[in-house]
Amino acid sequence: QVQLLESGGGLVEAGGSLRLSCAASGRTFSTTTMGWFRQAPGKEREFVAAGRWQVNTKLYADSVKGRFTISRDNAKNTVYLQMNNLKPEDTAVYYCAIAENNLIVSTMRKGSSYRYWGQGTQVTVSS
């Protein structure tokens, strides 16, 4: 059974940094697309970042580009989201997601493209 365990969320002041981790168990995900999504209160879930490492393709939402970095450690079966210069509008529950296979670029931003999801970790940025 595949499980994704997220960690690293918390409360931080604007301008601060956090690093989210998502450790996968039950299966090795060395060649699949991994991503991060977030959902703020009263809003729909939105794409944050995703990566296809075999061809070194990384996508970011415009709102986080230049501030967030997605990476992975295959040896640990873990995907990370480094978040710098955080803003109050980044406040949300963050979810990691893993696809069954490597996705084509046009589908990487869609939540429906991902099969496995973490339970979510809260990120709160104070002004």
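1. A salt bridge is a side-chain nitrogen of Lys or Arg within 4 Å of a carboxyl oxygen of Asp or Glu. By this rule the count comes to 6 salt bridges. This is a predicted model, where local features need pLDDT of at least 70, side-chain atom pairs count only at pLDDT 80 or more, and totals for chains, interfaces and linings use all residues. Residues are numbered from 1 along each chain as its sequence is written, and side-chain values use heavy atoms, leaving out hydrogens and water.

2. Start with Glu-100 and Arg-27. Their side chains form a salt bridge, 2.4 Å from N to O. The pair links distant parts of the chain, 73 residues apart. Glu-100 sits in the loop between strand E9 (92–98) and strand E10 (116–117). Arg-27 sits in the loop between strand E3 (18–25) and strand E4 (34–39). Strands (E, at least two residues) and helices (H or I, at least four) are DSSP runs, numbered from the N terminus.

3. How exposed are these two? Glu-100 is partly exposed, at 26% relative accessible area. Arg-27 is partly exposed too, at 27%. Buried means under 20% relative accessible area, exposed over 50%, and partly exposed in between (1.4 Å probe, protein chains only).

4. Now look at Asp-90. Its salt bridge with Arg-38 has the closest N and O atoms 3.0 Å apart. Asp-90 lies in the loop between strand E8 (78–83) and E9, and Arg-38 in strand E4, so the pair ties together parts 52 residues apart in sequence. Both Asp-90 and Arg-38 are buried.

5. Arg-67 also forms a salt bridge with Asp-90, with the closest N and O atoms 2.7 Å apart. Arg-67 is buried, at 8% relative accessibility. Asp-90 is buried at 1%. Salt bridges that share partners join Arg-38, Glu-46, Arg-67 and Asp-90 into one network.
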